[in-house]
Each structure stands twice: as structure tokens, then as C-alpha cells.
Amino acid sequence: MEQFGELFQFLDRQEARDILLGYSTSEELKDYLACDKNEEKLKALCKYYNEDTAVRKTLVNLSADPRLADVIFKSIDVADALLLDAEDLGSMLLCNLCKVDECRDVILDRGIDDSKLKNPYKQYILVQLSTSKDLRVLGYIDHSNVDITDEHSMAVFKNLMFNVDNHNCILDVFPFDKLTSCDALSSTIVEFLLLSCTTLQGRQLLRSKNVYQVLKDAHASSSDDEYRELIERVVELLIRDEEQN
């Protein structure tokens, strides 16, 4: 651990920053920086983010540790255009920082230029943002061309459905017509449908879209017990007698 302390004393030297990059995936360095007494060292490293590719790479690796992601987030302006640079390092860093609650709030409040985000980073970032259950995430999805075979897009829809207040808006734009032409419903889609069934309005909508038949066919074509059981849970809600509840 002593060598880390020495390196941080010479952050103004490129050689020291390059050596830290070599250690950036090690648990030893992460444990060292996770100590409260060393938080200022991590903040000092973040000051070189804009000017040094080695530091950007180092912070991408370090931010994978939740203990460090919060400090890095508070030390870097996530709205800075340099965070979304051509190297993709900014997008990679944002993927990790979006696991921090406060970071998600800041990004959604300020908005992001998603044209600078490239797949798969854009997909991962949107999935992380959707865990906030904030409906504003829906604004980054092209409603007219939703690919229901894309697990990331479906994960966004599913995560937003955990807030029942979002249901009306999401169900209004979800392409139910594509379900009938989908070769196989993913577990994520079925989970989305299950969440849709938590309200009477949602169940009525799914019935009107003939989702029952789609689920019945998916159930018949699968041998996965867990998957079939998940479908059965949705079907039970769809065939229930609403008069008795």
C-alpha cells in the first residue's frame, strides 16, 4: 500500500499516472482508495480527467467499484462534453456512475445528448437510468421503432413499470402488435406483462390486445419450467374473474 501513497504524491507527473493505470483493476488499489483517509487522493486524481487519457481509463476501472463511484461522480461534471468523448471512455465511465442514485438524478435533471452515446454504452446507461423509475427516461427511446427483441429496451420498459404511476404512459406507447410476430418472448417481456397486470386497466388492455394467446403459444413452445411458471402467473391474472375482486 505504501507505493500507492508515493504515487499519489506525484500525480503531476505522467509516469505516476501511467503506473496507477496499471494498478487500476487491482483490488489493492480499490481498497486503498476506499478508506476515508484516502478519499482526497481519489478526488485529486479526478482533477486530471479532462487532460489525461490514462486517468480516464483509470477512473473507468475504479468506478466499477461502488465504494469509489460516488466519490468519482462528485468530483467530475457528468454533463461535461468531455465525459462523452470520441474515445468512448466517457460513455464507459457514465455506465458505471449511473449506478449512483444521485448521478442518475443529475443526468435526468440536466438531460444528456444521447447522440454522443454509442451502443452498447447508450443501452447500458438507459437501463441504469431506468432503475430510478423516472418516466423521463422514456424520452430517450424511439417509440415509433421499439425493438422488442432488444433486451436493453425491454429492461428499460420493465424497470419503469415498477412505478405504477408510469403505467398509463408506458402502456400507451408499448408496441403490443409486435408481440404476435415475435419468435420468442423473452423473460423480460413476460415480466413486463406481469407488471402490467398489477392494475385493472393494465389487465383489460392486455386482454384487448389478445396477449393471452401470445402467452399461451410461448408457454407451449418452451420447456423451461421457470419461464413457463412466469407465463402462468400472467395468465392467471388475465383469466381472473374481476367481478369477484
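## Around Leu 171

Skip the neighbours within four places in sequence, and Leu 171 is in contact with Met 161, Phe 176, Phe 192, Ser 196, Gly 202 and Leu 205 (contact means heavy atoms within 4.5 Å). Take Ser 196 from that list: 25 residues separate Leu 171 and Ser 196 in sequence, yet their C-alpha atoms are 7.9 Å apart in space.

Leu 171 sits in helix α11, which covers residues 167-173. Helices here are DSSP runs of H or I with at least four residues, numbered from the N terminus. Is Leu 171 buried or exposed? With a relative accessible area of 8%, Leu 171 is buried (buried is under 20%, exposed is over 50%, and partly exposed lies in between, using a 1.4 Å probe and protein chains only).

## What you are looking at

This is a predicted model, where local features need pLDDT of at least 70 and side-chain atom pairs count only at pLDDT 80 or more, while totals for chains, interfaces and linings use all residues. Residues are numbered from 1 along each chain as its sequence is written, and side-chain values use heavy atoms, leaving out hydrogens and water.

## Salt bridges

A salt bridge puts a side-chain nitrogen of Lys or Arg within 4 Å of a carboxyl oxygen of Asp or Glu. The count by this rule is ten.

Two of these meet at Lys 43: Glu 39 pairs with Lys 43 at 3.2 Å, N to O, and Glu 40 pairs with Lys 43 with the closest N and O atoms 3.5 Å apart. Glu 39 and Lys 43 are four residues apart in helix α4 (residues 39-46), about one turn of the helix; Glu 40 and Lys 43, also both in helix α4, are three residues apart. Glu 39 is partly exposed at 29%, Lys 43 is partly exposed at 29% too, and Glu 40 is exposed at 53%.

Elsewhere, Asp 134 and Arg 136 form a salt bridge with their closest N and O atoms 2.8 Å apart. Arg 136 counts as partly exposed, at 39% relative accessibility. There is also a network: Asp 31, Asp 65 and Arg 67 are joined by salt bridges that share partners.

## A negative patch

Which residues form the negative surface patch? They are Asp 224, Asp 225, Glu 226, Glu 229, Glu 232 and Glu 236. Such a patch joins like charges within 9 Å, from residues with over 30% relative accessible area and no salt bridge. Glu 232 lies in helix α15 (residues 225-238) and is partly exposed at 35% relative accessibility.

Terms used: Helices (H or I, at least four residues) and strands (E, at least two) are DSSP runs, numbered from the N terminus. Patches are made of residues with over 30% relative accessible area and no salt bridge: like charges are joined within 9 Å, nonpolar side chains (Val, Leu, Ile, Met, Phe, Trp, Tyr) within 5 Å. Accessible areas come from the Shrake-Rupley method with a 1.4 Å probe; for residues, only the protein chains shown count as cover. Lys and Arg count as positive and Asp and Glu as negative; His and the chain ends are not counted. The place of a charge is taken as NZ of Lys, CZ of Arg, CG of Asp or CD of Glu.
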